[in-house]
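Here are my notes on the two-chain model you sent over. Have it open while you read.

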Amino acid sequence: MATKMISAFLLAAWSLAAGCLAVPEPEGVDRFLFEQAGEGAVRGAEAETAEAAPGQQRGALLTSSGKEPATAAESAPQPAGAPDAGKRLIVYTATFGLLVANLEDAVENFMKKAEALGGYLQSRDNASLTVRVPAAQFKKLLDDLKTLGIITEQSINALDVTRQFMDLSLRIETAEKARQRLLALLERADKVEDALKIEQEVRRLTEEIERMKGELKLLSEQIAFSTVTVRFLSSAPPPVPVRKRARSRFTWINRVGVEHVLEDF
Amino acid sequence: MSSKIFKLTVLLLLSAAASLLGGCLSMQVPEKFLTLEDGWFEIKAITPDEAQLWARSFSGPSDGAFPFWGEALKSDFIQNRGYALIEERQVKSQSGQEGLELLFEVTAQGQAHRYLAVLYVYDGWLWDTIVVGEFVAPKSLFDGYLSSVRQAYATID
């Protein structure tokens with residue numbers, strides 16, 4: 001009986017950690033969790049769960065899984081750092097092409113403006129700069145950018161990650177609760193075999209929680225700081241390599257020019 | 001008596017030669033520059049980061065007018081050497097001499113350089129004196145000296 005109870009709980013833990021809260025398949029980072037859910041179902045099928053699971057635990061699962069994702073997210077206790085209810089979480093990114101008279105000056109001015117707004121340089125590749133600025137200053141930086149030159153191209157992207165954020169927060173919370181229950185169960189386990197199974201599951205859950213927390217931290221950082229990439233282009237004509245010249249008929253002209261200054265000075 | 005006439009003749013000849021040659025070239029070198037040479041026909045100065053300023057005087061046929069030499073110089077830089085003309089403007093020296101200033105961009109020694117040339121033509125009896133001021137610096141340094149070089153060009157005489 002005890003073995004059946006433990007197996008049922010392990011299945012419940014798998015399902016919880018794997019995101020069985022009826023949240024639809026999300027894109028990108030969450031796919032891993034749903035693959036885990038499939039694995040969990042296979043593993044769960046091996047255990048005798050249906051009649052063995054205690055009503056309280058099953059009830060908890062059903063309550064969560066019966067809700068729509070948005071409702072589930074709203075009703076769940078807000079995790080630390082969670083957004084205010086109704087506030088959308090947006091990751092802003094923008095890419096610009098900017099035609100300027102003097103490249104060096106424009107790059108320097110742009111960096112000064114970004115730093116004045118609390119931003120920082122993320123990367124620089126020749127005349128292409130990527131900076132991160134606090135999301136609240138994103139629009140201000142774009143306005144400032146227009147004063148530095150002529151915009152030749154622009155692309156502004158706002159990605160709504162509210163659902164992804166809430167989903168991840170909820171999964172972490174649920175997994176932490178499941179882990180606590182497993183630890184409680186571990187204290188009551190009589191057989192060594194049962195204790196080992198529970199410990200293995202606790203380890204797996206702990207790793208999963210840490211991974212999800214990492215994802216949440218990254219997402220929070222992306223929300224807090226917007227990314228702006230600017231490709232600066234000089235309005236001066238591109239430098240033309242010096243060609244092999246035909247000599248002028250005028251002697252003095254043949255004695256002046258960049259080549260002569262650099263070589264005969 | 002004949003000795004006095006001889007001395008006077010030599011003096012007159014020297015004066016005529018000096019006048020024909022256009023006299024001594026002068027230019028007020030900007031403060032940040034070190035003067036390397038200050039001769040009759042050329043002045044060389046350099047900055048700590050080795051941007052070079054060079055003013056020289058040449059002789060040319062007297063029937064070539066200032067607009068002719070300006071066009072000849074510009075044409076050679078653009079057509080024969082592939083320099084990219086950024087700016088062209090008429091200037092006037094402090095002594096009132098009309099001149100032509102040309103700003104070019106060119107790749108030299110694997111690096112983008114900017115080149116500011118100024119041209120003054122002084123009419124002479126047998127031949128004209130052509131004075132050319134040249135300033136060359138890597139593009140990244142150029143703007144820092146541009147203003148002071150232009151001021152120096154205005155003092156060429």
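1. Ground rules. This is a predicted model, with local features needing pLDDT of at least 70 and side-chain atom pairs counting only at pLDDT 80 or more, while totals for chains, interfaces and linings use all residues. Residues are numbered from 1 along each chain as its sequence is written, chains are lettered from A and ligands numbered from 1 in the order in which they are written, and side-chain values use heavy atoms, leaving out hydrogens and water.

2. Chain A. You get nine helices and five strands here (DSSP runs: H or I of at least four residues for helices, E of at least two for strands, numbered from the N terminus). Of its 265 residues, 41% are buried, meaning under 20% relative accessible area with a 1.4 Å probe, protein chains only. Contacts (heavy atoms within 4.5 Å) between residues at least 6 apart in sequence join residues at least 24 apart in 80% of cases.

3. Chain B. Three helices and seven strands run in the order α-β-β-β-α-β-β-β-β-α. Of the 157 residues, 47% count as buried. For contacts between residues at least 6 apart, the share joining residues at least 24 apart is 49%.

4. Beyond its neighbours within four places in sequence, A:V258 touches B:Y83, B:V106, B:A108, B:Y115 and B:V136.

5. A bridge between chains. Which residue does B:R81 pair with in a salt bridge? The partner is A:E259, at 2.9 Å, N to O (the cut-off is a Lys or Arg side-chain nitrogen within 4 Å of an Asp or Glu carboxyl oxygen). B:R81 sits in the loop between helix 2 and strand 4 (84-92) of chain B, A:E259 in helix 9 of chain A. Both B:R81 and A:E259 are buried.

6. B:R150 and B:E101 form a salt bridge at 2.8 Å, and both are buried. B:E105 pairs with B:K139 at 3.3 Å; B:E105 lies in strand 5 and B:K139 in helix 3 of chain B, so this pair ties together parts 34 residues apart in sequence. A salt-bridge network links B:E87, B:R89, B:E101 and B:R150.

Notes: Buried < 20%, exposed > 50% of the residue type's maximum accessible area, 1.4 Å probe, protein only.
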